[in-house]
Amino acid sequence: MKFIGIIGLTFSVLMPFSLHADENRIDRVRPDAPLLAPYGTFPVGVRSLKVVNPKQIDIVHREPGKEPPRYDRPLQLEVWYPADHADGGGTYSVLLRDGETSVSLTGRAKRDAEPRKANGEKFPLIIMSHGYPGNRFLMSPIAENLASKGYVVASIDHTDSTYDDQKAFGSTLVNRPLDQRFVLDEIGRLSTDKNSFLSGVVDVNNTGLIGYSMGGYGAVVTAGAGVSATAVGADWSAKDGALAIHQAGTKEHQALFDPRFKAIIAIAPWGMQRGMWDDKGLAEIKVPIFFMAGSADDVSDYQKGIRKIFEGKMPVDRYLLTFAEANHNAAATMPAPAESWAMNEKLGFAPFEHYADPVWDTVRMNNIAQHFATAWFDIKLKNDETKARYLDLVEQSDDGVWAANKDGSLKPEHTYWAGFANRTAKGLRLEHRKPD
């Protein structure tokens with residue numbers, strides 16, 4: 001016990017918690033990052049938007065046997081986009097996991113910068129959907145990064161599911177896919193509104209979606225996978241059978257699908273370990289999916305949940321990138337803010353664990369996710385087949401062989417992961433399944 005106390009004392013001396021906002025950077029790219037991880041050539045702008053989805057069923061206040069009440073469902077969006085100029089970047093004021101503590105993050109995006117509108121160029125849209133609870137800034141490192149590479153990125157604060165607005169889980173189950181589809185519609189509307197900063201900027205006909213945890217659940221449903229009857233009737237599900245609107249084979253679920261979604265990244269999607277989908281539901285998937293997960297994920301359950309979705313029979317191309325021994329926070333979350341390292345009285349734990357992984361460095365995982373997201377979306381949304389080489393890899397990164405001549409040219413026996421410098425592709429696995 002004395003030894004543990006000494007470690008704790010030393011740690012508190014070496015790591016004070018009164019740190020500056022500049023230390024909470026979301027834009028770090030390590031020197032050993034893979035080739036497609038660094039920021040692109042576009043300056044990045046960012047703006048906040050408030051949108052309202054009218055006359056939605058109020059899942060929180062729904063009562064069994066009664067006509068469900070309806071309300072105008074508010075959503076807060078953060079939108080990153082290619083800009084003309086964004087010198088100096090800027091900061092974001094965000095809430096920690098406790099829903100009360102405000103901290104500052106520093107990135108490269110400039111608040112309210114003018115969108116780039118040169119030569120009538122339009123940029124594909126990527127929608128981002130956080131976990132439960134979470135907020136629209138949780139995946140901000142990949143949002144800024146993709147915007148710098150020619151994408152408009154709209155990240156959602158899901159009502160009833162944020163740090164300061166966490167309500168019934170059933171609302172998250174029902175509303176995640178609905179929110180994702182509505183945001184696509186709303187950005188599409190704004191892209192033709194001459195009074196909007198997005199006018200003439202977005203190509204919504206080529207849209208991607210990144211969902212993490214419960215956002216990943218929503219992404220799988222948005223891709224077309226109707227949920228099972230078991231999930232609709234489960235005691236943990238939405239009350240009064242409200243989840244039935246997403247049930248496989250129903251007209252309501254089929255009507256949700258939007259062919260403008262061309263590619264999806266689902267990071268640690270939740271639900272399969274609870275029987276969320278069966279073979280019938282997975283067979284309804286219509287959009288290619290790139291899964292990312294940690295092999296030690298005990299929230300979405302790597303073996304019984306995430307892998308089981310990936311290995312299910314579905315008529316689409318899909319990949320699974322696995323971070324060896326990483327847990328639920330693999331790839332998605334921003335680096336833990338300095339203020340999150342301290343014990344939080346409200347939560348009873350240090351919020352650090354909400355963002356960090358005990359094995360992997362978060363910036364390293366962010367950079368790897370940025371690399372593969374760039375390749376995936378460039379292929380699927382921009383038809384850039386030159387990026388296909390970054391997905392055509394030996395399955396286990398540790399099995400790749402680095403074989404180069406003195407002049408830097410590669411020998412025939414070279415099988416090292418494309419885009420990774422020698423000795424940097426470690427602890428990763430990329431699997432591919434063709435349409436069934």
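A: Helix α3 passes α4 in a right-handed crossing. Bear in mind that this is a predicted model. Two packed helices are described by the angle between their axes and the distance between those axes. For α3 (residues 169-190) and α4 (residues 214-222), the angle is about 50 degrees and the axes lie 8 Å apart. An angle has to be under 35 degrees to count as roughly parallel, and 65 to 115 to count as roughly perpendicular; α3 and α4 are therefore oblique to each other. On the α3 side, the contact is made by F169, T172, L173, R176, P177 and Q180. Facing them from α4 are M214, G215, Y217, G218, A219, V221 and T222. Sort that contact by class and you get 7 nonpolar, 5 polar and 1 charged.

From α2, the residues in contact are P141, I142, N145 and L146; α10 brings N366, A369, Q370, A373, T374 and F377. By class, the contact between α2 and α10 has 6 nonpolar and 4 polar residues, with no charged ones.

Keep some of those names handy for the cavities. With a cut-off of 30 Å³ or more, the count comes to 2 cavities. The largest cavity has a volume of about 50 Å³, and its lining is M139, P141, I142, I267, A331, A332, N366 and A369. Both α2 and α10 supply at least two residues each of that lining. P141 and I142 are in the α2 side of the helix contact and also line the largest cavity. N366 and A369 do likewise from α10, being part of the contact and of the largest cavity's lining. By class, the lining of the largest cavity has 7 nonpolar residues, 1 polar and no charged.

The second largest cavity comes out at about 30 Å³. Around the second largest cavity sit I26, R28, P141, P335, V363, N366, N367 and Q370. The largest share of this lining, 4 residues, comes from α10. P141 and N366 turn up here as well as in the lining of the largest cavity.

The largest pocket holds about 430 Å³. It is lined by 20 residues, and those nearest the centre of the pocket are Y212, V299, H328, N329 and H354. Helix α9 (residues 352-355) gives the largest share of the pocket lining, at 3 residues. In class terms, the pocket lining has 11 nonpolar, 6 polar and 3 charged residues.

Most residues other than glycine have a negative phi, and most peptide bonds are trans. D112, in the loop between β5 (110-111) and β6, has a positive phi of about 65 degrees although it isn't a glycine. Further along, Y132 and P133 are joined by a cis peptide bond, with omega about -10 degrees.

Note on methods. Residues are numbered from 1 along each chain as its sequence is written. This is a predicted model: local features need pLDDT of at least 70, side-chain atom pairs count only at pLDDT 80 or more; totals for chains, interfaces and linings use all residues. Side-chain values use heavy atoms; hydrogens and water are left out. Contact means heavy atoms within 4.5 Å. Ala, Val, Leu, Ile, Met, Phe, Trp, Tyr, Cys and Pro count as nonpolar, Asp, Glu, Lys and Arg as charged, and the others, Gly among them, as polar. On a 1 Å grid over the protein atoms alone, a cavity is a set of points where a 1.4 Å probe fits but cannot get out, and a pocket is an open set with protein on both sides within 12 Å along at least five of seven lines; lining residues have an atom within 4 Å of a point. Grid points are joined across faces, edges and corners, and a volume is the space filled by probe spheres set on the points. Axes are lines fitted to C-alpha atoms, for helices over the stretch in contact, and angles run from 0 to 180 degrees between N-to-C directions. Angles under 35 degrees count as roughly parallel, over 145 as roughly antiparallel, 65 to 115 as roughly perpendicular and the rest as oblique. A crossing is left-handed if the near helix is turned anticlockwise from the far one by less than a right angle, and right-handed if clockwise.
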